[in-house]
Amino acid sequence: MIEHILFIFVTLISVGILIWSFSKIFRIIKLLKKPYSLKNVGERLNRVYKVVFAQTKIMRFPIVGFMHALVFWGFLLITFGSGEMVLDGLIGLPFDNNPLNDRVLGFLGLAYDILIAGGDIFAWIIAILIIAFLVRRNFMKIKRFTGKEMRHRDHKDASFALFLILLLMLSLIGMNAAYFVHTGINAKGIFPLSSQLADFIPVNSAHIIELSMWWTHISLIFFFANYLPYSKHFHVFMSIPNVYFSRTEPYTKMSTMANVTDEVKMMLNPNASSVQANQSTEPERFGLKDVEDGTWKNYIDSLACTQCGRCTSVCPANLTGKLLSPRKIVLDYRRRMEEKMRGLLKEGKTYQDSKSLYPDYTSYAELWACTTCNACAQECPVSIDHPSIILEMRRYIFLEESKAPSLINSMSTNIENNGAPWKYSAADRFNWAKNIKMKVNGEEKEIKVSLMSEKSAENKIPEYLFWVGSAGSYDEGGMQISRNFAKILEYAKIDYACLGTEETDSGDNAKRAGNEFLAQMQAMMNIETMNAYKVKKIVTCDPHDFNAIKNEYPDLGGNYEVMHHTQFIQDLIRQGKIVLKPDIFKNTKITFHDPCYLGRGNGEYNAPRFTLSKIGNITEMKRNKSRSLCCGAGGTQMFKEAEKGNQEIYELRTEDALETGCNLIATACPMCMTMMKDGIKMKDKEQEVKVMDIAEIVVKSLGI
Ligand code: SF4
Ligand code: SF4
C-alpha cells in the first residue's frame, strides 16, 4: 500500500515537472512568429514516416546511422513495455506479490509476447550500442563531435545521457530476468535473452530483485524524461514535431516578406488603392537580430538539434576553414533563448537585455560565409533549416543596419541602376545574341534570336520564353552558354523568344544578400513584363534564376512552368528532336558538378546525367548528387571577397573533380562554370582538363 501511494506520488511529481518544463516552451512558441503555412498534412506525415520512423536521413551515414536506427526502433518497442509499467504501477500490480496479476496488458496474448520479446532483445542491443557510442564519443577522436561551439559541458551532457540510457537498459534486463525467475511458467511475455541470466538469480530473492529493478527503471524513466528538456538529448521528444513542421518547399526557396511586398507595390504603383488598404502589417523589425525576431520553427529547430555535427561536416565554408559552422548557428539560437527566456516569459517580446543573438552569439563573418548551398539542411537528421536563420540575419544586417560587405552594396547599386549585378549598361543586355554563327548542312549561317516584343508585334505568343539572366547576358562564360543554348533551340526548331533589354536581373542575389526590397522590386518588374507578354513557359540556363522564378515568383503573382536547360535538352533528346553523336567525346573522361540550386534545391540530378550518358561515361566525384559540394559562388559569394579561411571553396571542389582523373568537367550553371574554370587555372590544369556547360557539350556533339 505504501509503495503504491509512493509510486502515485512520484508519478504526479514527475509529470508535474515535465508539464512545467513544456509549458515554458509552449509560452515561448506562442510568443514567436508563425513560420509558414502548415498545410500539406499528408506530405508532412509521410515525411515523419520516412525521416523519423524509417530513419532515411540518419542512414546517409550508413554504419553509425544503422546503429542509431537500431537504438531508435528499440526505444519504440521498449516504450510499449515502459508505458505498461507505469500503468501497472498506477493500478498497484507490482506491489501485490501475485505473479499471475502483475502485467496489466498480459491479456494481449501472442501480440504481447512478441512485443515483450522484441523489447527484451533490443534492451541488449541498445546496451551494447550505447557502450560503443560511449567509447566512440570519449576515446575516439571523431572530428564532427568537435568544434568551437562544443563546450566541455556539452560533451559531459552527451555522455551522461548515454550513461542514463545504459542504466535504463541494464535495469530492464535485470527486471526481466528476475521476473522470469519469480513467475516461472506463469511469466507473461517472453524474455529470450534476459532469461539466460536465470541461473544467476536465487529464486527466493527473485521478487525483491525484480521490484528493486522495477523501481530503478521507473525512477530512471522519470528522471530521464525531466532531464531531457535541458539536455542535447531533447531530440528524443522534439524530433517528431520538428520533422512534421519542417518546410515542404524546396530547400532553396527563400521566404517572401509580405510587409515588404506592400511597400514595393506602393513604390512601383503609388496610386494602387488595393495596396494602400494593406498597410497595417508594419514589421516590428526587418530580419532577425535576436531570438524573439525568429519563428517558433527556428526555436523548435534549436531544441531538436542532436549536436551530431553532420551539418557542419558537409558545410563548404567550414570545410575550407571559415568561421561558419551551421551547428553553431542552431546552438547559438538555443543558448541565447535559454539566456533570454526568463525575461521574455515575464515581460513579453519587449524585454531587452544588453545582448542579442547577432552579433553577440553569431558573428558577421559567420553569416557572410554561407553559400546557401543547403548541404546542412539536406544532411540534418531532424530536418533543421539552418540557412533560413542565416538569411534572416542577413536581412537584418542589410535592411536595418545597412552594413553589408561593401562589394555587396556595389552589387545592389548596380542592380538598381543597370538591372545587373555588374557595372554594365542595361542597353547591352542583349549583346550576347549578336553574331551567333551556327553550322546548318555544313554551311555556317548567322542565327537571329527573336524578341518577345517582335513576336508580339506580329500578334504571336511564342511557346517558350528563353530567360537569359544577368550571368547569361553579361558574364563571358555565361554569354557563351546562352549562345550555345540558342543554337540548340534553333536546331530543334523551338518556338521561343527572349525579352532582350526588357529583361532585368531576377533579384536572386539581392534576396540572398538580405536586400528584400530590391529583390521584390526586380521580381515584380519582371513579372509585369512577362505577364504582359502572356508568358506561360520559361526555359533558362541559370539554376539560380530557375529557382527564383519557379519557387519565389509565385508568391508575387508570377506563375509559370519553368524548366532548366538540362531538363529541356533531356526532353529534346527523348523526343528525338536532337540526336547526339558520341564520337567527339569518345576518349573523354567526364565528371559532372551538380549545381546546388538545381540538384539539392530542386531535386534535378538525372537530366544532366541523361544527356551526358548519350555521349560518354560519367565518373562521379566522391561528393555527388545530394551530397555534392558547392562550387563556392552561391549566396552572393560570387560578388564579394571570400571570408577568411584556409582554402577557397572552388579549389576544394576542383580537387574533388581532379581526383576522378577526368579530362572534362561538365557543369550546368554559369557561376559553377566560372568557379570550376578558376579552380582548374589555379591547379594549372588548363591544358589537360576542360570545363564546359552541358549546352556547349551538346552543340559540339551535334556539330553545329
Ligand atoms: S547553406 Fe551551405 S554554406 Fe551555408 S551553412 Fe549550410 S552548408 Fe554551410
Ligand atoms: S543541426 Fe542537425 S545536423 Fe547539425 S548538429 Fe544539429 S541535429 Fe546534427
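In this predicted model, helix H5 passes helix H6 in a left-handed crossing; a crossing is called left-handed if the near helix is turned anticlockwise from the far one by less than a right angle, and right-handed if clockwise. Helices (H or I, at least four residues) and strands (E, at least two) are DSSP runs, numbered from the N terminus. H5 covers residues 152–183 and H6 covers residues 206–227; they pack at an angle of about 155°, with their axes 8 Å apart. H5 is therefore roughly antiparallel to H6. Here axes are lines fitted to C-alpha atoms, for helices over the stretch in contact, and angles run from 0 to 180 degrees between N-to-C directions. Angles under 35 degrees count as roughly parallel, over 145 as roughly antiparallel, 65 to 115 as roughly perpendicular and the rest as oblique.

Before going on, a word on the ground rules: residues are numbered from 1 along each chain as its sequence is written, while chains are lettered from A and ligands numbered from 1 in the order in which they are written. Because the model is predicted, local features need pLDDT of at least 70 and side-chain atom pairs count only at pLDDT 80 or more, whereas totals for chains, interfaces and linings use all residues.

Which residues bring H5 and H6 together? On the H5 side they include Leu-164, Leu-168, Leu-172 and Met-175, and on the H6 side they include Met-213, Trp-214, Leu-220 and Phe-224. Two residues are in contact if their C-beta atoms, placed from the backbone, lie within 7 Å. By class, this contact has 15 nonpolar, six polar and one charged residues. Ala, Val, Leu, Ile, Met, Phe, Trp, Tyr, Cys and Pro count as nonpolar, Asp, Glu, Lys and Arg as charged, and the others, Gly among them, as polar.

H6 also has helix H1 as a partner: the axes of H1 and H6 come within 9 Å and cross at roughly 10°. These two helices are therefore roughly parallel to each other. Val-10, Ser-14, Ile-17, Leu-18 and Ser-21 of H1 meet Phe-222, Ala-225 and Asn-226 of H6. Their contact divides into five nonpolar, three polar and no charged residues.

H1 (residues 2–31) packs with H13 too, where the axes come within 10 Å and cross at roughly 70°. That makes H1 roughly perpendicular to H13. Lys-24, Arg-27, Ile-28 and Leu-31 of H1 are in contact with Met-341, Leu-344 and Leu-345 of H13. This time the residues divide into five nonpolar, no polar and two charged.

Helix H11 (310–314) and H13 (326–347) each supply at least two residues. In all, 15 residues surround ligand 2, and the closest are Cys-305, Cys-308, Arg-310, Cys-311 and Cys-380. A residue is near a molecule or strand if its C-beta atom, placed from the backbone, lies within 6 Å of it. The shell of ligand 2 has nine nonpolar, three polar and three charged residues.

What about ligand 1? Of the 14 residues around it, Cys-315, Pro-326, Cys-370, Cys-373 and Cys-376 come nearest. Helices H12 (316–319), H16 (375–379) and H17 (386–401) are the elements that give two or more residues to this shell. Its classes are ten nonpolar, four polar and no charged residues.

Now for the sheets. Four strands form an open sheet in the order E4-E3-E5-E6, with parallel pairing; two strands pair if DSSP finds at least two bridges between them. E4 (496–497) and E6 (561–564) are the edge strands. Two bridges join E3 to E4, and four join E3 to E5. Lys-537 of E5 is the bridge partner of Tyr-464, and Lys-537 also has Glu-561 in E6 as a bridge partner. Helix H24 (residues 543–552) lies across E3, E5 and E6, running at about 165° to E6.

A further open sheet has three strands in the order E7-E8-E9, again with parallel pairing. E7 (590–592) and E9 (690–693) stand at the edges, each with a single partner strand, so one side of each is left without a neighbour in the sheet. The twist averages 30° from one strand to the next. Four bridges join E8 (residues 664–667) to E9, and Ala-666 has Met-692 in E9 as its bridge partner. Helix H28 (residues 670–682) lies across E8 and E9, running at about 175° to E9.
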